[in-house]
Each structure stands twice: as structure tokens, then as C-alpha cells.
Amino acid sequence: MSLQLYDTATRSVRDFVPREPGKAGIYLCGVTVQSPPHIGHLRSGVNYDVLRRWLEYRGLAVRFIRNITDIDDKVLKRALDEGVPYWSIAYRNERLLDDAYDAVGVELPTYEPRATGHIPEMHELIQRLIDRGHAYVTDAGEVYFDVSSWPEYGALSGQKPDEMRRQSSEPPAPDKRNPLDFALWKGVKPTEPQDAYWPSPWGRGRPGWHIECSAMTWRYLGEEFDIHGGGRDIQFPHHENEVAQSKAAGFGFARFWVHNGPLNMAGEKMSKSIGNVVGLPELAAHGIRPAELRYYLAAPHYRSVIDFSYEALEESAAAYRRVEGFVQRAVEQVGVVDPGPVCADFVTAMDDDLNTPRAFAALHEVVRDGNAALASGDRTAVAGALAGVRGMLGLLGLDPLSTLWREAASDDLRSTVDKLVAHALERREQARAGRDWSTADAVRDQLKQAGVLIEDTPHGPRWTLADDTTDGSS
RNA sequence: GGUGGGGUGGCCGAGUGGCUUAGGCAAGGGCCUGCAAAGCCCUGUACGCGGGUUCGAUUCCCGCUCCCACCUCCA
């Protein structure tokens, strides 16, 4: 059994065979950093992070490129609105995005190139398209891709150019030969920030929206590579235009197109332009931890629609805490056990187009067995379950014991709190020994007021910190 | 108008022509506990609507309906 992946270009699930044995090159269309990131962006980040981890588990050395598009119409408009350089906007949002990825445990890409760092590659690519008769230069110094020169145009997104609706809010560019032609290079406009331009063979200007991805895939992954990923919402026009210009330039380009589903908000897409966005700060205000968000984003299949709601998010958080609770209790009983082999159901599920819902089901079954082993005191079984659970959680980026999810100060504080709690528990145990339940319960209530939850186990009492969402510690 | 994806039990969310059926959350019952918490066991309520194929369809086919996305900037 090997990995099978759904490929948008062929609309089918196919065996994933790397171009070069033992290696995989992935390009993920990152974000246009026009505004702070929302959890729709994080879904994309988490989905491809899981794909990457799975490819690595399958023994592939993954080169993972995730770009930053740091110049486009929206960024420039915002710069004008705020009266600051466009690149300060892009940089500010890029940092927020990286922090957010970091918070939800998305591993660093192999490299994260920026569009504006690749102007020479764009020029080379554009010149190549002009030379091959797939692009033309207008009197205004703009360069357009000639869609009519590329018969495959529309194949990726299933669109037929003749049947596409011609509705554009923008006034049509007068020099375009065909409304579908798209800009490779845009000329200087007096209404735009004047620090947003570079010299080019066709006059001063700036890149069109799609050319940066073609340039950066070329630079970092070569003319042909394994997987191109991105959100389904940019399949057209962005990916269609990308594949057109790259293939017209003579490149093999992406062998697999992977598209993740959207994250909706009350039935509508979460989108910067609609303004219904939720980011990490809002979730933190609801007491949702980043790991719980990651669980929520990773548990449904990556191609399905997630209709965001706090109710569903709370359910995921509860499910994650169940798994986390097992790991904590297991470690208390048998000590830290390294991540071990994962169960066959998990592997089968992940190989089947990353069927994370089934993978999570497999995880929960092992957790249940592990809990039963804890109850029966079967330490060998506990250790085995812990190893398997950690193995699976690691591949999903959710291992509570990974350094990722440990709050910086918590370890130091923990031993301090442990000593204080031990005193209180000693008093409580004395009271319990004398069957003085009211005193025993009073101690437990006091600790609860302080946010420390006490549970009695066959091995004696244990304590945990109350979740932030529970309001009992006020 | 064109293209694609969907409507599964109280909620989230897989899956399959019948055979044991996901898994989680919530609910009820039980075990455990001084009580609790956690955990374990058990329980119920499903496959948008109407036809068809079939011994048998939630799963295949047809029609209908509703929802979403894309065709315009958006992961």
C-alpha cells in the first residue's frame, strides 16, 4: 500500500509516485500578505503540514516551498490608505502569519520566498513567453499572457474560455486583446505607490499576480515538481494562469494538484473581502488553545468544507483534551515513552488521500484501549498505547509532549505548584483518613478556586490545571 | 448562464450494495469512587425528496430540491 492522492488536474485519486525516488517537491501557494491572517489560512497551513509529515513518514525527503506574495493591488491600496510604504504592510502581515503558523505547529518550510525577491526570474520567464509567442507587450509597457495561444487554457479548473461569464468590476484594460488575457507585467500607474516599481525590459513596472509563483517554483523546484497545493478558491484564475504560463514556457510543472477545501463562516466563505474573519486573537479570547484549533482544522478531510462554529470547535477541543488526558496520565504511570509504531488502520487511512477522519478514529481507539489499560494497571499495555498514540499524534502535529505545545514557563511553575498542592493534599488525605469528608471537600474546593483540579486515582490523588475556558477559577 | 463539490442520527464527521460497524462531542443507564472527577461498559435516535435497477440501496442510475464554492481580489 502506498500513498494515494486526489489530483485536481485529472479529477481522480492516483498513486503518488515521486518524480525522483526518495524525494518530493511541494509548492504551496502561501498568502498575499495584505492583512492579518485568519484561520482559513491556518487550515491551509495545517493541511499541507500534515501532508508533508506524512510524506516524510513515507520516507521521502521533502522540499517544501511556501511563498509569500508581498506585492499586489490590495497591498498597494492599503499602503495608500495608511500612508505608509507598501512593503511595511507586507512585512508586518508576513510576521503575523509566520507567528500564527508557528502557534498551530506548522513546521517551517524548507524555504519561504517572497515575490519581490524574484523579479529577475520573472523577467526571464516573461521574456521566454514573449519569445515563444505566448505573450505580448502593449504600448503602455504592459505584458499580457495571450490565452488564445494556449489551447489547454481552462483545463485545470474545468472552465471553457468561451463559456466564461464576462463580468468584471474593473474597467477592461484597453490594450488587452482578449478579456481573459492576464497581466504578467504591469506598467507604472500614477495612482499607485511609486516605490512599488522595478525597471524591466518593457519599462518600469511591477509583477502581475500570477507570475511570481511560476518564477518561484522554477527557481526552487525546477521545471517540473511533484505537488502544487493551495486553496480551492484560487484554482481559478490563479492556478489556471500559473499552469498556463509555466507550461507555455516549456515546463512540465506540477505533477499533482492538491486543493484544500474552504473554511466557511455561517455558510459563507471566510474571506478578507467579506470581512467575516476570525483569527487567533479571537480564539484566544474564547479560551481555545492553538493545539485545539489544530485538532479542529486537521480532523475533517482536507478537501471538505469546514463551516466554522465555536460549538464545533469546542467539541474538537474536548476530543483533544481526552487524548491529551490519556497521554498525561500514561506518563504519570509509566514515564515518558518515545513515539512508536502507528497502527495499521491509521496508515491505511492516511495513505487513502490523507483520510484524517479515519486516522483520528484509529487514534481514539488506541486511546480507549490505553485508558482501559490504565484502569487495569497493565503497565506494558499502557506503555504500548502511549507509544502508538504519540506516534500518531506526532504525524498529525498534535503530540502534547512535543516541545511545540509546552508553554514556556509552565515547567518551572509546575514543580512550584506541585509542592504547594502537595501540602494541601496532605491535609486532605488526613481528613479523608478520618472520614472527615467536609474538610476534605473544602480543601478540594479551595484548590479548584485557584484553578487546580483534584482527581483521586488508585495511585493516589493527582492534580491538573483547570482549562482556561472553565470559569470556576475567577 | 457555465463548472465543480455537497445534503448521514441532538451536533461534528467518515464510510459502505447486505455481513460488526466508523470515530468524537452531547444525552440516558451501569461499573468504579466517601462524594466527585477521570476512565471503562451499555443504550437510543441516521443516511434531502421521488422514481428505477436489484433478492436487497444510505451506498448504483434517473429526476427533483436545497446548500456551498469558482467563473471578479481572497488559503
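**View 1. Surroundings of Leu5 in the predicted model.** Leucine 5 is in contact with Ser12, Val13, Arg14, Phe16, Leu51, Ile227, Phe256, Val258, Tyr302, Asp353 and Leu354, leaving aside residues up to four places away in sequence.

**View 2. The largest nonpolar core.** This core has 125 residues, and those with the most contacts inside it are Leu5, Leu55, Leu293 and Phe346. Helix 12 (residues 379-396) gives the most to the core, contributing nine residues. Domain 1 (4-260) and domain 2 (268-405) each supply at least three residues to this core.

**View 3. Another core, lying apart from the largest one.** This core has eight residues, including Val421, Leu425, Val443 and Ile454.

**View 4. Domain 2 and domain 3 of chain A.** Chain A is divided into domain 1 (4-260), domain 2 (268-405) and domain 3 (411-473). The centres of domain 2 and domain 3, taken over C-alpha atoms, are separated by 27 Å. Nine residues from domain 2 and five residues from domain 3 take part in the contact. Between them the two domains bury about 630 Å², with 40% of it on carbon and sulfur atoms. Of the area that domain 2 buries against domain 3, 48% comes from Gly287, Glu332 and Gln333, more than from any other three residues.

**View 5. The salt bridge of Glu332 and Arg462.** The side chains of glutamate 332 and arginine 462 meet at 2.7 Å, N to O. The count between domain 2 and domain 3 is one salt bridge. Two residue pairs are in polar contact across the interface of these domains. On the side of domain 2 that touches domain 3, helix 9 (residues 310-334) gives the most, with five residues.

Note on methods
Residues are numbered from 1 along each chain as its sequence is written. Chains are lettered from A and ligands numbered from 1 in the order in which they are written. This is a predicted model: local features need pLDDT of at least 70, side-chain atom pairs count only at pLDDT 80 or more; totals for chains, interfaces and linings use all residues. Side-chain values use heavy atoms; hydrogens and water are left out. A nonpolar core is a set of buried Ala, Val, Leu, Ile, Met, Phe, Trp, Tyr and Cys residues joined through side-chain atoms within 4.5 Å. Buried means under 20% relative accessible area, exposed over 50%, partly exposed in between (1.4 Å probe, protein chains only). Helices (H or I, at least four residues) and strands (E, at least two) are DSSP runs, numbered from the N terminus. Domain bounds come from an automatic or database domain assignment. Contact means heavy atoms within 4.5 Å. Buried area is the accessible area (1.4 Å probe) that two parts lose on being put together, summed over both. A salt bridge is a side-chain nitrogen of Lys or Arg within 4 Å of a carboxyl oxygen of Asp or Glu. A polar contact is a pair of N or O atoms within 3.5 Å; within protein, one must be able to donate a hydrogen and the other to accept it, and residues adjacent in sequence count only if both atoms are side-chain atoms.
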